[in-house]
Amino acid sequence: MVLVGWGGPVESACVNSYFQELGRTVFDRWKQANFSLEVFPAIARAALDERPPCEHVSLDELVRDFLLNDEQPHQTQSGFGEPELVTYECPRFYIQVLFWLDGTTDIHQHEFSGAFHVMAGSSIHAGFAFENMQPITPHFRVGDLRLQQIELLETGRTVPITSGSGGIHSLFHLDKPSVTVVVRTQNDPGTAPQFTYLPPHVALDPVYCDALIMRRKQALDVLEQTGDPDYARLIREMIDQHDLEAGFYILQNGMRHLMDLDEWEPALETFQNKHGASAAGMVASMVECQRRDHIRDMRGAITDPDHRFFLALLMNAPSRSSLLELVAQRFPGDDPVDTVMAWIEELAEPYDSGTAAMDLLVPDDLDAFLAELRQMLAPGGVPRAARIPAKKIRETRTLIEGSCLRRLLDY
Ligand SMILES: [Fe+2]
């Protein structure tokens, strides 16, 4: 194959030559800037944009080369990507190709900087700021996570990566596979840990492990699995006795089982009595985590890119209006309410005594539910004579509030 190099055409026997050239170019330009961390994202981004991998690298050849050619850079043990292939490495930075099948990223920040390029597929990219931050421990923080921007990244887009809390983001990959090329530093001093954010109020270090808390959660799981009658009482005693961070992890771990036992509210009350206002925000994060986990689970079974786009918006859009705006951007000319209604209908499946609309079990006729939802989304579009009574709308609203469709209710 022939690759066109920065300094002229380069004859190449394998696809790795592209990444060798990319790596050398980035290295030379960064050296000119005395390896300043501040300029690395701009250098990485410019190099990726000048000869974008999406136009210059064949995915088939990349995989074939990786499988058959023994001259490969050192591979990491990282669990990031599905999988991560390292295609260039030097002591100061490396280049990785990340495949994404069913996974998606948490909201996170990095202890490295650089740039990523969408080589194949597309993704919803959301950027956040963590305001009013208060450290509880070096590994656990509370604050207010605010969405700053949400955008669709199509194949060919390159985005700079900033280390630390200035680069909080998440990606929801729409196509299977989505492939990104990342040019990144090894580690930027002073920017660890790589916090994961649980919206709306919690940040935690996902790598840090307090072994005692971990074992206590596992011991509680034994009590759960064996149906121990003291499970809920012990959790309340633990919350009352231990610190805020430990209480959060104990409650988060037991949330589903406590709800099944109808013991969630008393456990929450104990937590809030012990820790006051800080506890309220943490509980909101636990509830939101459950909603996001549910959407993530559904994502594994849904492969249509438009349906995945809808899931990404349900997970990340901060309000109904922003969700509809993003649908209108992606499908200009179509009424976004019509598009959303069509997706909900396409994703509906029959169950024992009704229809499941996503994770919402519709007790009545699906058409009646869709008409009620349409009236909620676009009340002006329904003629007065055909309007459904407010009492029925309120009942349906309560149903939706307990499902992943809840975002459709937020103005
Ligand atoms: Fe990231």
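This is a predicted model: local features need pLDDT of at least 70, side-chain atom pairs count only at pLDDT 80 or more; totals for chains, interfaces and linings use all residues.
Close-up 1. Phi of Asp262 is near 65 degrees. That is a positive value in a residue other than glycine. Asp262 sits in the loop that runs between α7 (244-260) and α8 (264-275).

**Close-up 2. Asn132, a strand residue with positive phi.** Asn132 belongs to strand β7, residues 123-137. Its phi is positive, about 55 degrees, although Asn132 is not a glycine. Is Asn132 buried or exposed? Asn132 counts as exposed, because 10 C-beta neighbours lie inside 10 Å.

**Close-up 3. The cis peptide bond between Glu82 and Pro83.** Glu82 and Pro83 are joined by a cis peptide bond. Omega is about 5 degrees. Pro83 is placed in the loop between α4 (59-68) and β3 (84-89).

**Close-up 4. The cis peptide bond between Lys176 and Pro177.** Here the peptide bond linking Lys176 to Pro177 is cis, with omega about 0 degrees.

**Close-up 5. Domain 2 and domain 3.** The domain assignment gives domain 1 as 2-204, domain 2 as 211-275 and domain 3 as 317-409. Taken over C-alpha atoms, the centres of domain 2 and domain 3 are 36 Å apart.

Conventions: Residues are numbered from 1 along each chain as its sequence is written. Domain bounds come from an automatic or database domain assignment. Helices (H or I, at least four residues) and strands (E, at least two) are DSSP runs, numbered from the N terminus. A residue is buried if 20 or more other C-beta atoms lie within 10 Å of its own, exposed if 12 or fewer, and partly exposed in between; C-beta atoms are placed from the backbone.
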